[in-house]
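Dear colleague,

I am passing the structure below on to you, with the sequence alongside it.

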Number of protein chains: 2
Amino acid sequence: MKDKARKVTVVAFMGAVLLALTASVSCSDDDGNGGGSSGNADLDAIAQERGLTPEDMKHALQQFVPPGKYDDYVMFASGGHSGQVLAVGVPSMRILKTIAVFSPESWQGYGRGADWSEEVLAGGNPPGTELEWGDTHHPALSETGGEYDGRYLYINDRANGRMAFVDLADLRTKQIVAIPNTKTSHGGMFVTPNSEYVHMSAQYPEPWPAGSYADLSEYQEKYRSASSWLKIDEATGRINMEESFQIELPPYNQDLADAGKKISDGWGFIGSFNTEMATGGNMEGGESMEAGMSTNNFDYLHVVNWKAAEAAVKAGKATNINGVNVLSLETAIDEGLLYLIPEPKSPHGADVDPSGRYIVVGGKLDPHVTIFDFNKIQAAIEAKDFEGTDPFGLPILTYDSVVAGQVEVGAGPLHTQFDSQGHGYTSLFLASAVAKFTLGEDVIKTGETPFTLTDTIPVHYNIGHLVTAEGDTVTPDDNYMVALNKWSIDRFLTVGPLHPQNFQLIDLKGGGTEKMELIADTPIGNAEPHYVQIIKADKLKTLDVYPAGTDVLTMGTSEFAIAAGDEKVERNGNVVEIWMSAQRSHFTPDIVRVKQGDTVKLHITNVEQTKDATHGFAVSYYNIQASLDPGEVVNFEFVADKSGVFNFYCTEFCSALHLEMAGWLLVEPSGSAVANPN
Amino acid sequence: MKDKARKVTVVAFMGAVLLALTASVSCSDDDGNGGGSSGNADLDAIAQERGLTPEDMKHALQQFVPPGKYDDYVMFASGGHSGQVLAVGVPSMRILKTIAVFSPESWQGYGRGADWSEEVLAGGNPPGTELEWGDTHHPALSETGGEYDGRYLYINDRANGRMAFVDLADLRTKQIVAIPNTKTSHGGMFVTPNSEYVHMSAQYPEPWPAGSYADLSEYQEKYRSASSWLKIDEATGRINMEESFQIELPPYNQDLADAGKKISDGWGFIGSFNTEMATGGNMEGGESMEAGMSTNNFDYLHVVNWKAAEAAVKAGKATNINGVNVLSLETAIDEGLLYLIPEPKSPHGADVDPSGRYIVVGGKLDPHVTIFDFNKIQAAIEAKDFEGTDPFGLPILTYDSVVAGQVEVGAGPLHTQFDSQGHGYTSLFLASAVAKFTLGEDVIKTGETPFTLTDTIPVHYNIGHLVTAEGDTVTPDDNYMVALNKWSIDRFLTVGPLHPQNFQLIDLKGGGTEKMELIADTPIGNAEPHYVQIIKADKLKTLDVYPAGTDVLTMGTSEFAIAAGDEKVERNGNVVEIWMSAQRSHFTPDIVRVKQGDTVKLHITNVEQTKDATHGFAVSYYNIQASLDPGEVVNFEFVADKSGVFNFYCTEFCSALHLEMAGWLLVEPSGSAVANPN
């Protein structure tokens with residue numbers, strides 16, 4: 001070849017390139033904009049060309065986060081039956097990260113061989129079953145003094161009796177816990193105002209105690225439910241099951257719940273339905289659950305005195321059932337831990353306002369929200385002002401004594417959030433709208449009339465939950481609301497019969513008397529967003545890189561960490577143990593030679609400390625995939641059961657020579673068996 | 001309870017509600033905006049409050065898609081090591097859907113028990129191994145006459161020798177194919193201009209034929225690679241392996257590839273690297289792969305005459321190896337099927353311009369792009385104008401005879417896309433920029449000088465691929481480019497050491513002589529976007545609902561479909577077979593009684609035909625989750641090995657009584673074993 005004649009400057013250029021390959025990337029602030037004034041004529045011309053109305057133009061400016069600028073909030077959204085959690089920027093509504101929780105996720109190296117992730121996922125498995133997905137429902141951020149503190153996130157699995165802890169230091173799931181006596185849960189997840197406990201209640205009752213068997217014909221006698229109070233270890237965020245407890249509940253279906261706040265701190269409120277104790281049987285001469293469960297005009301709000309319950313447990317009044325302290329229904333009655341309040345039929349929400357005084361219930365088959373007053377509840381309990389007991393002997397507080405008001409908000413009220421100005425905002429599933437109404441006069445700052453509908457905004461379509469920024473705290477913000485719509489129908493391009501959900505960003509106009517305004521639609525096409533919480537971005541103190549040699553579960557130094565140059569391979573019998581490093585743009589060693597049937601123990605350290613210098617590690621045909629963030633150590637153990645020549649490679653585009661960051665796993669065939677994929 | 005005294009209108013309201021529950025949702029066009037003029041003062045006030053510059057205001061208007069309006073394009077993006085594909089709206093950059101491809105995805109009911117999905121996933125498994133993730137790399141849209149036709153999408157798995165077919169009728173993966181003699185692939189995926197074949201080439205050579213074993217010391221002698229030409233069945237989109245073929249290649253690493261177009265139709269172009277045949281060994285006295293593979297100043301562009309290869313196969317010149325017709329290297333040489341062209345070191349791109357005349361190569365360790373002329377290639381082949389042969393006897397076309405020009409574009413050129421005005425746009429990994437340059441004068445429509453750098457725009461950061469709208473067709477659009485950046489570093493809120501990728505939307509200004517302009521950044525936090533293609537939205541003819549009783553694999557009527565009212569349960573020995581319906585808001589039957597150890601065969605029909613009326617079907621603790629879109633039939637078969645009372649429920653929020661859409665799986669304990677999760 002006639003290299004010299006060609007217009008290439010390969011040789012001189014190479015030195016600079018090779019230096020650049022291992023250096024940190026240069027982070028220019030220059031985003032290529034020319035600056036200067038765009039002028040209104042420019043804006044009008046773009047709007048004209050793109051068919052934007054003047055309203056659209058305003059909304060575009062309200063939502064847009066310019067290149068290189070940051071969102072104000074992070075919304076943590078359940079991923080529903082994807083089993084994961086989404087972190088979304090607000091107001092841009094851009095998905096910043098999918099966090100793997102209950103389902104393996106190869107991109108994050110979660111459940112594809114990396115030891116830490118296998119350990120986390122196994123934490124929630126019942127004996128003999130490896131659960132491979134979940135249905136995340138209600139995220140709950142940790143709180144200090146009733147404010148989100150940006151440390152921990154908890155989320156339940158509706159499909160199985162589990163909950164997970166996500167560490168907000170690195171947005172990774174660090175613990176999955178099997179909840180005894182609980183097969184499923186729905187909306188009962190909340191954290192108490194100082195993160196003493198995370199609460200979760202069972203959705204479906206089951207033969208009690210769990211592990212026994214009983215036919216549905218014995219439903220009322222033998223089925224029970226549980227309200228779980230899971231103790232948070234303050235330092236690590238993990239659940240301490242020994243210090244956790246449950247309260248036995250009647251066989252109703254437990255639903256949305258909320259913690260008391262401020263004056264109601266120490267209490268919890270759980271909406272429930274199916275006081276009918278209907279069990280379906282639509283092909284056994286019965287009626288469908290939906291009909292049977294919608295017969296009674298009132299179900300029961302469960303009012304729990306968790307501080308008293310905690311004391312009762314400490315006083316030895318609980319029984320250990322399947323590994324957790326359980327307060328029986330009888331004890332709950334005797335000790336005054338649990339009261340019922342009638343709530344209009346098929347309630348979905350049970351939401352406590354920022355003052356802690358008002359508990360708002362949306363009865364989904366009643367066009368009103370019903371607002372209870374904590375002060376009245378306390379007085380009624382004090383006065384034993386009961387209108388009777390339920391079939392299990394639980395006292396029912398007299399409705400008229402505890403209700404503060406009702407507001408007719410529209411069809412299908414579900415869930416309520418609040419602003420700081422004395423308003424509640426309730427999602428209306430059937431009306432596909434959000435209603436805004438006033439609470440009691442002691443919290444209204446706008447001069448409006450208490451318990452009055454003041455505004456309604458249509459949403460698109462079939463809204464489930466809704467959220468305001470910092471909405472579950474004692475000081476919600478008054479700017480953004482997000483409506484979590486279950487159907488999108490005609491709002492987006494058709495991407496198949498499985499349509500995306502629709503997150504709608506709504507302007508609350510400062511919580512004043514101005515009408516709410518829709519800003520933007522966001523398709524959610526990788527999960528069903530069930531519920532979300534929105535936290536101020538500056539409350540999150542998330543790591544950019546791990547300290548060198550980090551074990552992500554302990555956040556300490558891994559016993560398997562190495563520095564570059566300390567790589568080694570040891571063989572003991574049929575065990576091959578390798579301490580490998582990953583660094584732009586090679587693994588060391590890059591050849592691993594084993595014999596078919598050998599056990600391979602692989603410890604890999606990403607020896608980089610440069611932000612974003614993540615390496616992946618995958619082995620073809622071995623189902624192995626890890627994500628090694630800077631400073632991280634990952635361990636694998638596997639049996640080299642397939643003979644042949646396999647490639648391992650970096651799965652995260654890390655450098656110009658990323659394609660060359662690869663190596664060989666040579667599995668020499670054993671005499672007896674050759675199982676070589678071709 | 002004193003119902004009458006309470007301000008509830010439950011009874012009267014119920015009739016209307018129950019009607020509404022099963023009716024189609026009402027799709028109001030009213031988005032709650034007041035209309036009228038926003039006025040420039042309004043816009044300026046918002047910009048002032050949010051800190052937007054005049055440029056930001058323009059960009060906001062360029063990107064914003066108002067609520068209820070549609071994006072112009074759909075971008076199909078590889079999900080990298082998530083194993084999935086993303087469908088993204090352009091210009092809004094909103095993710096419309098994650099399409100499950102190589103990794104199970106419970107939200108879509110993919111790989112969690114539904115028979116169709118288990119069948120698809122199993123299609124790519126080697127004997128004895130169940131692959132549970134993949135690394136999607138290069139999506140390739142089907143074409144007719146060199147234009148995307150919106151019918152089919154193909155994508156390869158870099159981690160394992162597989163490719164997948166996604167049906168754009170419903171955006172579901174319908175086939176995964178194991179590619180013989182191929183353990184991994186990288187960027188070699190493309191569809192020929194009339195969708196005759198989809199091409200995929202092996203990235204790493206392996207002992208040849210696959211299934212044999214050879215040490216790396218015998219690399220040059222015994223390792224080979226393959227270029228696969230996979231025949232597309234025109235009617236179904238599926239790969240027909242019997243009519244597919246491979247061409248044996250030397251043990252170089254095959255990389256990005258592209259199909260010839262128009263004048264070069266019938267040819268394919270594959271970039272490759274590692275003509276050094278380096279195999280690493282950095283702990284065995286050798287050097288790392290990255291160093292060994294970067295020694296030679298030139299690697300080889302592989303030029304394949306696929307129409308002649310197809311004819312050779314039909315003429316019986318191929319040999320069946322591991323289930324596919326293979327043309328040996330010898331045959332390829334003898335029949336003139338394969339030629340090499342020297343390309344500057346460590347090439348990454350090999351991209352054919354819309355005219356089909358120019359093939360642009362980016363050598364990632366050379367600051368130039370090198371542009372070859374198909375007419376000159378044809379003349380050189382005709383004249384046997386070779387500068388030698390490679391070690392395997394393949395003829396090397398004389399570089400000077402086939403090169404059209406070189407352009408110094410900057411550090412680390414990788415991949416090139418084109419507009420319709422005679423420009424190429426090349427990603428520069430090391431420079432973190434995109435370079436714009438002119439092609440030959442016969443295609444330039446702007447009067448600019450051929451083979452000249454005309455513009456550069458910085459990107460943030462470490463760009464891999466890039467794409468223009470309709471970019472791989474014979475008529476690309478000249479409006480949008482998306483830069484696929486691998487690092488985002490300081491561009492978004494920190495969401496942990498695993499940072500999102502960054503898709504940057506760039507304004508091409510009509511492909512004229514104006515400078516390119518950055519519009520917006522988009523974090524991609526659920527995958528590594530490797531490569532993407534952008535198709536005009538109106539080319540997609542995607543189903544809104546399935547016809548009643550659809551089997552999604554055949555798209556015909558399922559033999560297990562039922563209408564409402566035809567539900568039944570049959571028991572034969574220890575097999576319980578159930579034909580179930582799903583409809584707002586119940587399953588029929590809603591109680592399933594089996595004995596521990598029974599085999600359960602479950603056929604579920606979503607009997608609805610309302611757009612977006614998807615139901616999910618999950619069984620707690622049984623790892624079962626399906627998504628049943630309107631009209632869809634899903635089948636499960638499982639052994640009821642765990643005794644106890646389990647809940648099945650609808651996982652997709654479908655109605656106000658969605659929570660009540662549930663049922664019971666009663667697994668009566670067998671005498672011998674009770675394994676009841678508690």
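The model is a predicted one, in which local features need pLDDT of at least 70 and side-chain atom pairs count only at pLDDT 80 or more, while totals for chains, interfaces and linings use all residues. Residues are numbered from 1 along each chain as its sequence is written, chains are lettered from A and ligands numbered from 1 in the order in which they are written, and side-chain values use heavy atoms, with hydrogens and water left out.

**Relation of the chains**

Two copies of a chain are related by a rotation about an axis and a shift along it. Here chain A is superposed on chain B by a rotation of 180° with 0.0 Å of shift along the axis, at an RMSD of 0.0 Å, which is the relation of a two-fold axis. Within chain A, the C-alpha nearest that axis belongs to Ala60(A), at 2.8 Å from it. The superposition is by least squares on the C-alpha atoms of residues with pLDDT of at least 70 in both copies.

Ala60(A) is also one of the buried residues of helix α3 of chain A. This helix, residues 54–63, is mostly covered, with nine of its ten residues buried; buried means under 20% relative accessible area, exposed over 50%, and partly exposed in between, with a 1.4 Å probe and protein chains only. Helices (H or I, at least four residues) and strands (E, at least two) are DSSP runs numbered from the N terminus.

**Salt bridges**

A salt bridge is taken as a side-chain nitrogen of Lys or Arg within 4 Å of a carboxyl oxygen of Asp or Glu, and by this rule the count over all chains comes to 64.

In the pair of Asp71(A) and Arg94(A), the closest N and O atoms are 3.3 Å apart. Asp71(A) lies in the loop between α3 and β1 (73–78) of chain A and Arg94(A) in the loop between β2 and β3 of chain A, so the pair ties together parts that are 23 residues apart in sequence. Asp71(A) counts as buried at 5% relative accessibility, and Arg94(A) counts as buried at 11%.

The side chains of Asp215(A) and Arg593(B) meet in a salt bridge at 2.5 Å, N to O. This pair crosses between chains, from the loop between β10 (206–207) and α5 (219–222) of chain A, where Asp215(A) lies, to strand β37 (residues 591–595) of chain B, which holds Arg593(B). Asp215(A) is partly exposed, with a relative accessible area of 22%, and Arg593(B) is partly exposed, with 37%.

Glu608(A) forms a salt bridge with Arg584(A), their closest N and O atoms being 2.4 Å apart. The pair links distant parts of the chain, 24 residues apart, with Glu608(A) in the loop between β38 (599–606) and β39 (615–619) of chain A and Arg584(A) in the loop between β35 (575–583) and β36 of chain A. Both Glu608(A) and Arg584(A) are buried. Elsewhere, salt bridges that share partners join Glu55(A), Lys58(A), Lys509(A), Glu514(A) and Glu517(A) into one network, and of these Glu55(A) and Lys58(A) are among the buried residues of α3(A).

**Backbone details**

The peptide bond from Val90(A) to Pro91(A) is cis, with omega near 15°, and Pro91(A) is placed in the loop between β2 (85–90) and β3 (95–99) of chain A. The bond from Thr588(A) to Pro589(A) is cis as well, with omega near 0°, and Pro589(A) lies in the loop between β36 (586–588) and β37 (591–595) of chain A.

Ser195(A), although not a glycine, has a positive phi of about 55°; Ser195(A) is in the loop between β8 (190–191) and β9 (197–201) of chain A and counts as buried at 11% relative accessibility. Met277(A), likewise not a glycine, has a positive phi of about 55°; Met277(A) is in the loop between β14 (267–273) and α6 (289–292) of chain A and is buried, with a relative accessible area of 13%.

With regards
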